[in-house]
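Biologist: I am new to this structure. Could you show me how to read it, one feature at a time?

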Amino acid sequence: MSDPASSGADPSRSWLELAKSGSWPGVLFWLTLTVVTLLLLFSGYSALTESNPQVLRYAMLGGAAGFGATALGAVLALVLRDVAVRTQDTMLGFAAGMMLAASSFSLILPGVAAAEAMTGNKMIAAAVVVFGMALGVALMVGLDRFVPHEHHKSGRRGPDVQRLNRVWLFVLAITLHNLPEGMAIGVSFADGDMKVGLPLTTAIAIQDIPEGLAIALALRVTGISSIRAALVAIGSGLMEPLGAIVGLGVSSGFALGYPVALGLAAGAMIFVVSHEVIPETHRNGHETPATLGLMLGFGVMMFLDTSLG
């Protein structure tokens, strides 16, 4: 019997085979991921079939705006060529700071406020968001352990492979962050009120420009071509319009699903920043510029969230 802690779980094998091999954590991870995916798909279907057509159009346009802003940031990365390692680490630190601020001001605080409005109790509201954060951390731990990104027999092959894996987790965390951002857009248009939806969509779109840039630059650190890095970054923005549709369904069918989703994205982002991004920015001896980049990124995102959100 193989040791699941060392070999991980192969998603190409059936859950029954995984269970027989002793990889129960892998079974639970993939089962949970499947259930969550089905719930999101059901929410999106409900929004498409039951929502007011005008409200649905507003939500889709808002999500498209977020996607367009992410794409713009990714395209800007094509202009930046031959970036020095010190600059790359500083930019990655900047992205980490943005992720930390977004986790606090775009996800956790709005999640607590939304849960409190639903439950009428601050303690329960905080517990709902903390539960979502725990799910986000569990998701990232599961992806790191059970999604096969290491060689089965030889393990990681050198620091370049290790860096690639870390950066892909970073990209995944921001992609997860884009889903509840899109959901927030969809919820903001749920009543058809442009005075609520338009300012929120504008704030999120402005934030998405540097996020798209950060993803593309982070991928270029691994040696991926500029064009491919930009395409991946643009693809991550597709979660915004999808999230907007899901948000409409969640706002009517799964009330507490919205703050839980915000907490999930926050937990995933904070985990990746601490576990992967910050150690990566310090790996080449550029701790000070990377930390200054982090503080600058935190300040920029905090300003955008508090002044435009």
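Modeller: This is a predicted model. Start with contacts: of those in the protein chain between residues at least 6 apart in sequence, 82% join residues at least 24 apart.

Biologist: Where is Glu 280 placed, and is Glu 280 buried or exposed?

Modeller: Buried means a relative accessible area under 20%. Glu 280 has 2%, so this residue counts as buried. Its place is in helix α11, which covers residues 257-282.

Biologist: How many helices and strands does the protein chain have?

Modeller: There are 12 helices and zero strands. Read from the N terminus on, the elements therefore run as α-α-α-α-α-α-α-α-α-α-α-α.

Biologist: How do I read the sides of a single helix, say α9?

Modeller: List the buried residues, then look at their directions around the axis. In α9, residues 226-236, the buried ones include Ser 226, Ala 229, Ala 230, Ala 233 and Ser 236. These cover an arc of only 115 degrees around the axis, so they lie on the same side of α9.

Biologist: Which residues are exposed on the other side of α9?

Modeller: Ile 227, Arg 228 and Leu 231 are exposed there.

Notes:
Residues numbered from 1 in each chain as written. Predicted model: local features only at pLDDT ≥ 70, side-chain atom pairs only at ≥ 80, totals over all residues. Heavy atoms only, no water. Helix = DSSP H or I, 4+ residues; strand = E, 2+ residues; numbered from the N terminus. Buried < 20%, exposed > 50% of the residue type's maximum accessible area, 1.4 Å probe, protein only. Contact = heavy atoms within 4.5 Å. Arc of directions from axis to C-beta.
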